[in-house]
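Subject: Structure for you to look through

Dear colleague,

I am passing on the structure we talked about, together with some notes on what turned up in it. Please keep it open beside this message as you read.

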Amino acid sequence: MPIEVILPKVDMDMESGTISAWHVAEGDIVTKGDPLFDIETDKAAMEIESPASGVLHHIIATEGNTVPIGQTVAWVFDKGEAVPDKPPQNDKSETSEAPHVPSLISTPEHTTEIPTTTQKTRATPAARKLAQDAGLSVADIQGTGPRDRVQSGDVRASIQTVSPSIAPAGITWDTATAPLNIVRTGAGDATPQLLIHGLGADANAWAQIEKSIAAKGPVLRLELPCHGKSPRLQVESFAHLVTHIRAAFDALNMNTVRLVGHSLGAALALALADTRPRNVERLTLISPAGLGPQINGDILSGIARATNKQSLGPWLRQMVGDPSLITDNYVQAVMTARKDPDMRSAQTTLQNTLFADHTQGFDLTAALHRLTCPTRIIFGKKDQVIPWSHALRAPGHVSLNLFEDLGHMPQFEAPNAVQAHL
């Protein structure tokens, strides 16, 4: 049976609380005690932990929502448990007694002090623990949370400032703090654009459009785990991969960003926008994964296992609408970037994890419907990797740009047309 995640009482006078941030997304695997979301009241701000281990589903209260104490905001299902299309119904009638909610301030004999700005620096428990392990003081860290509260991402940003490429003494990088390589170009006061490439690529996948958009403002190209100069991290699931991307994003400590993702990177950008909506000004999804089960695993496998340009070229030419665009020099450049056998092996493992049996095992359609930021999907109708018809699952407020003669890499095939829509 699924376990309800309810809004607890953290203040004796509290009648409701506002959800200020979710730390996980629907479909994420959670462990009992993991931080799920932050709430804020007139007197307190704190993280709410998972009441059980399992998989989180049916988030019905999103960031910015104010909900009464005792209200269910999500459910945790056992791994493998059937998840209904709709949230489970509460059997309690309207006249039933309100559910018992354990208060964090229970009796005068055992009172938990609620931190306020006059008592000490406001910080989440996870942020305090991370700062302590890193030898930092939360008092020296600028918080970006409600009322300048220090959050985990603020601490990670400070850690990156101290040592951007390795962890400081006493810190072991894990799923919450593992650094990913980010290539930065451009400058100015414009809203930064964060670009996330797809499976088997790296930061150079954006070469056709990067210089033009960098001339107008900051551009950050994030490299996925097991790609480019990012570490070879073991990824257990799509939800697990999202935690790496979210940690890297939080460490950037950006107030707003325009997100652009391609293929798998588009699915990750969508998941990021779903859980960090206040930080995403605009979202562009190019040939996005995550909107349907079909995917051409043969092409992905062919690229992943290719050991020379002769075996790589035929698969790359299926990635575009016009095969003549994939020249021998282009194939050689891609093969040079993929010469490391350990990297190819890690990417093959990642592909088999995310697309087992040549199937997209994760579905982000619900997340797409929840988005409130301006969102655009770009697809080529000659895409042989992901069916362009998956874009038709988008709600009416999402813009669709469907190109007749393009394949799976519109940003490479028609850079000017794509750039015009960013």
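The secondary structure of the protein chain, which comes from a predicted model, amounts to 12 helices and 15 strands. The chain has 422 residues, of which 51% count as buried. If you take the contacts between residues at least 6 apart in sequence, 68% of them join residues that are at least 24 apart.

I turn next to the interior. In soluble globular proteins, nonpolar side chains tend to be buried together. Here the largest nonpolar core holds 63 residues, and within this core F238 and L259 touch the most other members. The element that gives the most to this core is helix α5, residues 264–275, with nine residues. When the neighbours within four places in sequence are set aside, F238 is in contact with L264, A267, L268 and A271, and also with L354, F362 and L364. There is also a second, separate core, made of 18 residues, and among them are I48, L56, A61 and A74.

Is S263 buried or exposed? Its relative accessible area is 10%, and because buried means under 20%, S263 counts as buried. Not counting residues up to four places away in sequence, S263 touches G198, I286, S287, P288, A289, I386 and H408.

Now to a sheet. Strands of a sheet pair through backbone hydrogen bonds, either parallel or antiparallel. In this model four strands form an open sheet, in the order β1-β8-β6-β3, and their pairing is antiparallel. The edges are taken by β1 (3–6) and β3, each of which has a single partner strand, so one side of each is left without a neighbour in the sheet. Strand β3, residues 29–30, pairs with strand β6, residues 54–57, over two bridges in the antiparallel sense, and in this pairing V30 stands opposite G54. Strand β6 also pairs with strand β8, residues 72–77, again in the antiparallel sense but over three bridges, and there V55 stands opposite F77.

P51 is partly exposed, with a relative accessible area of 34%. Although P51 and G33 are 18 residues apart in sequence, their C-alpha atoms are 6.5 Å apart in space. Leaving aside neighbours within four places in sequence, P51 is in contact with I3, E4, V5, K32 and L36.

Lastly, there is a pair of helices. Two packed helices are described by the angle between their axes and the distance between the axes. For helix α7 (residues 309–316) and helix α8 (residues 328–337), the axes come within 9 Å and cross at roughly 110°, which means that α7 is roughly perpendicular to α8. The crossing in which α7 passes α8 is right-handed. On the side of α7 the contact is made by K309, L312, G313 and L316, while α8 brings Y330, V331, Q332, V334 and M335 to the contact.

With best wishes

Key: Residues numbered from 1 in each chain as written. Predicted model: local features only at pLDDT ≥ 70, side-chain atom pairs only at ≥ 80, totals over all residues. Heavy atoms only, no water. Core = buried A, V, L, I, M, F, W, Y, C linked by side-chain atoms within 4.5 Å. Buried < 20%, exposed > 50% of the residue type's maximum accessible area, 1.4 Å probe, protein only. Contact = heavy atoms within 4.5 Å. Pairing = 2+ DSSP bridges. Axes fitted to C-alpha atoms, helices over the stretch in contact; angles between N-to-C directions. Parallel < 35°, antiparallel > 145°, perpendicular 65-115°, else oblique. Left-handed = near helix turned anticlockwise from the far one by under 90°.
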